[in-house]
Amino acid sequence: MSTEPETTEDDEPGTPTGGAETEETEEAKGDAADAGQVSEAEAELRAQQAERERIEQRKAEKKAPIESGTKLSGKAADLLAAVRAVEGGEKPAATVFEEPAPAPRRPAPEPERRPRPVPAETVTASPAPAPEAVQAVRRVLGEGGAPETLAPQVTEALGEGADERLRADPWQLLRVAGVRPEQADGFARALLGAECGPDDERRGRAVTVWLLEQAALAGHTALEMPALLAALAQRGVPEPESAVQDTLAEGDALVFQDALEEPGAPARTKQDQSEDDSEEDEERPVRVLVGLERYALAEESLADGLARLVNSAPKQDGSAEEWERVAAAAQGSTGELLRAVAGHGLVLHTGGEASAAEPAALLTAAHSLGLRAWAATHGPIGRTRFAALLGSGPDDAADQDGSRVTTVSGLLAGLEGPGRDADGALDLDLLIVLDAPQLDVETAALLTESLPDGARLVLAGDPAVLWSVGPGRVFADLLAARICPQVASRRPDPGPLGELVSGIGIGELNQVEAPGKEIVIVPVWDAGEAVHRAVQLVADSVPRAIGVPAEETQVIAPGHGGAVGTRALNTALKERLNPGPGRFGGFDPGDRIAYSPVPGRALQGRVVKADAEGLHLSCEGEAVVVPKERVEQSVRHGWALTAHQAVGSRWPAVVVVLPGDAAQALSRPWVYTAFGRAERHLSVVHGVEQALPRAVAEVTAKPRTTRLPVLLAPQVDES
C-alpha cells in the first residue's frame, strides 16, 4: 500500500509466497459438482429419507478420497483425483474464455406468465440412482479404464439408460464435473478402439457443451461464435464449425444472431425497428452467439419480466400526495428514492454500506401507506443486519409496522416471506432486493416472474463489489441500460474504513489516518509467516488491542488452495481455536463452518453435533442438517473464507491475507469487497507489495458476455 497505518505491538515482519488459487471461477466450479441435486436443507433431508440405505451403500464405496496413484494407477487415478478435487473445491475452473466482448441480442419471445416458474430450491433432491443402474455404469467405466467409483455421479448426470448412453457416446463422461476433454478422450479410446478419432462428431458435440459450461462458470451467459470456434480448435476439434452445427442440431445449445448498434447511437425502440427492419437490417452488422438453453431462456425471461415492470403502472396504494408527504419528510437521497418508487415499477438504488438506511426508510414508509412491503437480502447475516435498521430482531425479522425482511433464497423457496397468491405470484406490492449485484440471471428471472402485476421492484446494492458467482451481471447490465430511475445514495460510509474503501472504489489506495487502530498493515515475507500472523491476529492481537473476540473476526483470502489459501488457514485456525480429532468428515462440535446449500451461496455457522442423520449446523440461528454424503462437497471450515463467500456479510473485525503469489488474483472489485467486510477493524497481512495498489488502480472486473442489455432495449417503450 502507499501508506501503512501502525501495526499492533507484537506484529513482526514476515512474508507469504503460498499458492492461492483464483477465486471467482473456483467458487462456481467447486459448487457446481452438486448443482443439480440440492434444495433447502430440511426439504432435501425429508426427500432423501426413503433413500438412506442406498445412499449409505454408495458412500461406503468411497469411504476416503482416492489420491492419484493410490489403489488406482495411471489415467484412471488421475481422472478420479480430478473429479474429487472439483467436488471438494480444491481445483478452480479452467479459465477458458478471458475477455469476450459485450453481448448482443435477438428478439425475445412473448413471455408466458402462467404457470409461474418453480423456484429451484423448492424442488426436492432427486432420489439416489438405483443400485442396478449404478452397477451397469460401473461395468462400462471399467471397460474403458475409468475409475468405477465415479458410477454414481455418471448415473446421476446421464439419467435413465446411463450405461447405454455412455457406451454409445463415451464423451458423455464430460457431463461429470471435473472431467476434462483429454481424460474423456482416453476413456473413449479404451472403449471404442479403432473407431475413436479426434474428428468424431460425438467428441465435437461434447467438447462444445463442455466449453459452454466452462464459460457459464466464468460468468458468461453466451459466447461469441469466434471465441467458441477458437476454443474448439485449441482442444483438437478439427472442424469446429461442424461441431457447433451438430450441437445446435441436437438441441444441446442455442444460437442467437443479433444486430449490432452503431457506436454512440441511441437504442432502437420497437417503433424504430418496425419502420426500417426491411432495409437497415440487411446492412447492419450482426454478432452471432451460442449459449446453453437454461441461461439463454433465463436471460430472455428476465428481460420480459423487467420490461413488464418498467412498462406497467405500479399499483396505487396511497395517493400521489401521500407519497410526496413521506418523501418531503425524508432527507436527501432518501426522498429521491421515495419519489422514484412512487411512480415507477422498477427502481435501482446504489451506494455503500451506509446507504442501506435508505431502503430501510422506504420499507417503513411503504407500509405506512398501506403497501405489502418486503425486503430480501443475499444471506442470513445481511437479513439480520437489515432487520436491525428497522428496529427488529432476527427471529421475526419484522418491524412494528409489519414490513418484513427475508433472504432471496428463502423467499423463492417459500420458507420465508409472504407466500404466494392464487396465481402463484408473491403476495406483495413492493419488493426491495438488497445485495443486488449478487443476483445471477436465473435467480433474477425467478424473482421478476414471481412478482404480481402492479408490483414495484427496487434493486439496491453496491456496484463496486464482486459480481455474482453464477452467470450474468444483472445489476451492472441494468445500470448500463438506463431503462428505469437510478438513485445514487449520498450517504458516505463513516470513519477511516469508510474513507479507505470509498477510495478503492474509484481506483485509489489512499493513505488513511487510523488513530484508533481501525486499519493495521502486517508485512510478511513467506507463506509460513503469513499463516502464523493471521492466526496470531485472530486469536490474540485483535481481541487484546481492539477488543473484538476471535468468534467475531473473519479471515478472508484470495482462494481456497495453496500454502496460504483458506484450507491452510482454516487448518491452522482450527488447531488454535477449536482443536479436535475431526471425527465427522474433519469436523468437531464448535467448529466454524461455511455451508453451501446451492452454488453461489455460503451460509456461515457452527457445528452443533453429528449423528446418523448427518452433520448438524447452526447457521444464523437456523438449524441445518447436512446428510453425510453431502458434507464433503458442501461444508468447509469457515474461520477463513474467500471474498465471494463473504460478500453480503460484515464482521466487527476482518483479517485479509494477501500471499505473495496472489497478485494475479487481485482486482479492484476483490479488494473493495474484502476490505469492505470490516465494520470496526481491518488487518491486512500484506505480502504482495506494489501489486495491491496496482490492482486497485488498474485491474477492473473481467468482462462477462451477457445478452440482457440488448434484450431489454426493444422491449421498453420510449418515455
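A contact, for this tour, means heavy atoms within 4.5 Å. This is a predicted model, in which local features need pLDDT of at least 70 and side-chain atom pairs count only at pLDDT 80 or more, while totals for chains, interfaces and linings use all residues. Residues are numbered from 1 along each chain as its sequence is written, and side-chain values use heavy atoms, with hydrogens and water left out.

**Stop 1: phenylalanine 475.** Select phenylalanine 475, in helix 20 (residues 474-481); helices (H or I, at least four residues) and strands (E, at least two) are DSSP runs, numbered from the N terminus. Is it buried or exposed? Phenylalanine 475 has a relative accessible area of 2%, so it is buried (buried is under 20% relative accessible area, exposed over 50%, partly exposed in between, with a 1.4 Å probe and protein chains only). Show its surroundings: leaving aside residues up to four places away in sequence, phenylalanine 475 touches Leu348, His349, Thr350, Ala436, Pro437, Leu459, Ala460, Gly461 and Pro463. Draw a distance to glycine 461, 14 residues away along the chain, and the C-alpha atoms come out 8.3 Å apart.

**Stop 2: helix 14.** Next, pick out Trp323, Val326 and Ala327, which are buried in helix 14. Look down the helix axis: the buried residues of helix 14 fall within an arc of 100°, so they line one face (the arc is that of the directions from the helix axis to the C-beta atoms). An α-helix has 3.6 residues a turn, so residues three or four places apart point the same way. On the face turned away from that buried side, find the exposed Glu321, Arg325, Ala328 and Ala329. The cover over the buried residues includes helix 15, helix 16 (357-368) and strand 8 (456-461).

**Stop 3: salt bridges.** How many salt bridges does the structure hold? There are 25, each being a side-chain nitrogen of Lys or Arg within 4 Å of a carboxyl oxygen of Asp or Glu.

- Arginine 339 and glutamate 324 bring their closest N and O atoms to 3.1 Å. Arginine 339 is partly exposed at 40% relative accessibility, and glutamate 324 is partly exposed at 37%.
- Glutamate 224 and arginine 287 meet at 3.7 Å, N to O. Glutamate 224 sits in strand 1 (residues 223-224) and arginine 287 in strand 3 (residues 286-291), so this bridge ties together parts 63 residues apart in sequence. Both glutamate 224 and arginine 287 are buried.
- Glutamate 529 and arginine 533 come to 2.8 Å, N to O. Both lie in helix 22 (residues 527-546), four residues apart, about one turn of the helix. Glutamate 529 is buried at 18% relative accessibility, and arginine 533 is buried at 4%.

Then select Glu353, Arg385, Arg677 and Glu679 together: salt bridges that share partners join them into one network.

**Stop 4: threonine 155.** Move to helix 6 (residues 151-158), where you'll find threonine 155, buried at 6% relative accessibility. A polar atom of the threonine 155 side chain lies 2.7 Å from the backbone oxygen of alanine 151. Not counting residues up to four places away in sequence, threonine 155 touches Pro129, Ala133, Val134, Val137 and Ala162.

Definitions and conventions:
A polar contact is a pair of N or O atoms within 3.5 Å; within protein, one must be able to donate a hydrogen and the other to accept it, and residues adjacent in sequence count only if both atoms are side-chain atoms.
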